[in-house]
Amino acid sequence: IYDASSAILFNKGYKTVTLEGDQALCYSMLYKDATEAVFTIPSVDDDGKQTDISISVHKLKNKLTLDYNGDTPVLKGEVKAWLKISDVEASESIGALSTLGNLNGKVLYDSEQFIKNNLLAVFDKTKQANSDIFEIKSMLYKFHNKFYDRDKLSILDKVTVEFDIKCVNFI
């Protein structure tokens with residue numbers, strides 16, 4: 001089970017930034033199989049009451065690439081997560097218990113936004129700290145070598161980001 005309260009990033013031996021637990025979890029979804037991870041999002045039940053829902057990740061498919069849009073480098077991250085309800089901070093009706101493991105469309109959308117917003121926060125924090133945890137320079141060298149000499153020193157300032165997150169029910 002993935003459980004991190006925070007992650008500290010260093011650059012040349014100096015602490016640069018701290019990622020909070022949800023940020024560290026979402027970052028790990030881009031690189032490895034973070035199955036059995038659990039995150040909690042606020043939601044609204046059928047009666048309009050605010051409820052916290054704990055969601056478990058059962059399967060991931062991920063991809064991270066660096067592309068160019070003209071002269072602008074674009075970091076593109078894709079995550080497809082198969083999710084299931086882990087726990088609900090509310091009482092459930094008898095009829096709802098049979099479908100407790102499945103997430104409705106709103107909760108799936110909220111989960112996608114949760115992951116995307118945390119990834120954007122990680123990107124912003126690491127960009128401000130001049131930390132290359134997304135390995136952008138390495139991708140530049142490996143896959144866009146013709147731009148390497150021109151962009152190697154400035155790529156972290158120039159790069160933009162796009163995250164495509166898709167959450168579905170784990171069946």
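Me: What is the relative accessibility of Lys-80, and what does Lys-80 count as?

Reply: Start with the scale. Buried means under 20% relative accessible area, exposed means over 50%, and partly exposed lies in between, using a 1.4 Å probe and protein chains only. Lys-80 has 31% relative accessibility, so it counts as partly exposed. Some ground rules follow. This is a predicted model, where local features need pLDDT of at least 70 and side-chain atom pairs count only at pLDDT 80 or more, while totals for chains, interfaces and linings use all residues. Residues are numbered from 1 along each chain as its sequence is written, and side-chain values use heavy atoms, with hydrogens and water left out.

Me: Where does Lys-80 lie, and which residues is it in contact with?

Reply: First, the elements. Helices (H or I, at least four residues) and strands (E, at least two) are DSSP runs, numbered from the N terminus. Lys-80 lies in strand β5, residues 72–88. Contact means heavy atoms within 4.5 Å. Setting aside neighbours within four places in sequence, Lys-80 is in contact with Lys-59, Leu-60, Lys-61, Lys-166 and Val-168. Take Lys-59: it is 21 residues from Lys-80 along the chain, and their C-alpha atoms are separated by 8.3 Å.

Me: How many helices and strands does the chain have?

Reply: The chain has 6 helices and 6 strands. Their pattern along the sequence is β-β-α-β-β-β-α-α-α-α-α-β. Among contacts between residues at least 6 apart in sequence, 61% join residues at least 24 apart. As for burial, 40% of the 171 residues are buried.

Me: Which helix holds Asn-118, and what does Asn-118 touch?

Reply: Asn-118 lies in helix α3. It is buried because its relative accessible area is 12%. Beyond residues up to four places away in sequence, Asn-118 touches Asp-22, Gln-23 and Cys-26.

Me: Which residues touch the most other members of the largest nonpolar core?

Reply: The general idea is that nonpolar side chains tend to be buried together in soluble globular proteins. A nonpolar core is a set of buried Ala, Val, Leu, Ile, Met, Phe, Trp, Tyr and Cys residues joined through side-chain atoms within 4.5 Å. The largest one here has 45 residues. Phe-39, Leu-75, Ile-115, Phe-134 and Ile-136 touch the most other members. Follow Phe-134. Apart from neighbours within four places in sequence, its contacts include Tyr-27, Leu-64, Val-122 and Phe-163.

Me: How many cavities does a search of the whole structure find?

Reply: Rolling a probe the size of a water molecule over the atoms shows where empty space is left. On a 1 Å grid over the protein atoms alone, a cavity is a set of points where a 1.4 Å probe fits but cannot get out; lining residues have an atom within 4 Å of a point. Grid points are joined across faces, edges and corners, and a volume is the space filled by probe spheres set on the points. The search finds 1 cavity of 30 Å³ or more. The largest cavity has a volume of about 50 Å³.

Me: Which residues line the largest cavity?

Reply: Among them are Phe-123, Lys-127, Ser-131, Phe-134, Ile-136 and Val-159. Helix α3 gives the most to the lining, with 3 residues. Sort the lining by class: Ala, Val, Leu, Ile, Met, Phe, Trp, Tyr, Cys and Pro are nonpolar, Asp, Glu, Lys and Arg are charged, and the others, Gly among them, are polar. That gives 6 nonpolar, 2 polar and 2 charged residues.

Me: Is Asp-151 buried or exposed?

Reply: Asp-151 counts as buried because its relative accessibility is 0%. It is found in helix α5, residues 148–151. Look for its polar contacts. A polar contact is a pair of N or O atoms within 3.5 Å; within protein, one must be able to donate a hydrogen and the other to accept it, and residues adjacent in sequence count only if both atoms are side-chain atoms. The Asp-151 side chain makes one with the side chain of Tyr-68 at 2.6 Å. Another joins it to the side chain of Lys-158 at 2.7 Å.

Me: What is the phi of Asn-130?

Reply: Phi of Asn-130 is near 55 degrees, a positive value in a residue other than glycine. Asn-130 is in the loop between α3 (105–128) and α4 (136–143). Glu-135 is also in the loop between α3 and α4. Its phi is positive, about 60 degrees, although Glu-135 is not a glycine.

Methods:
On a 1 Å grid over the protein atoms alone, a cavity is a set of points where a 1.4 Å probe fits but cannot get out, and a pocket is an open set with protein on both sides within 12 Å along at least five of seven lines; lining residues have an atom within 4 Å of a point.
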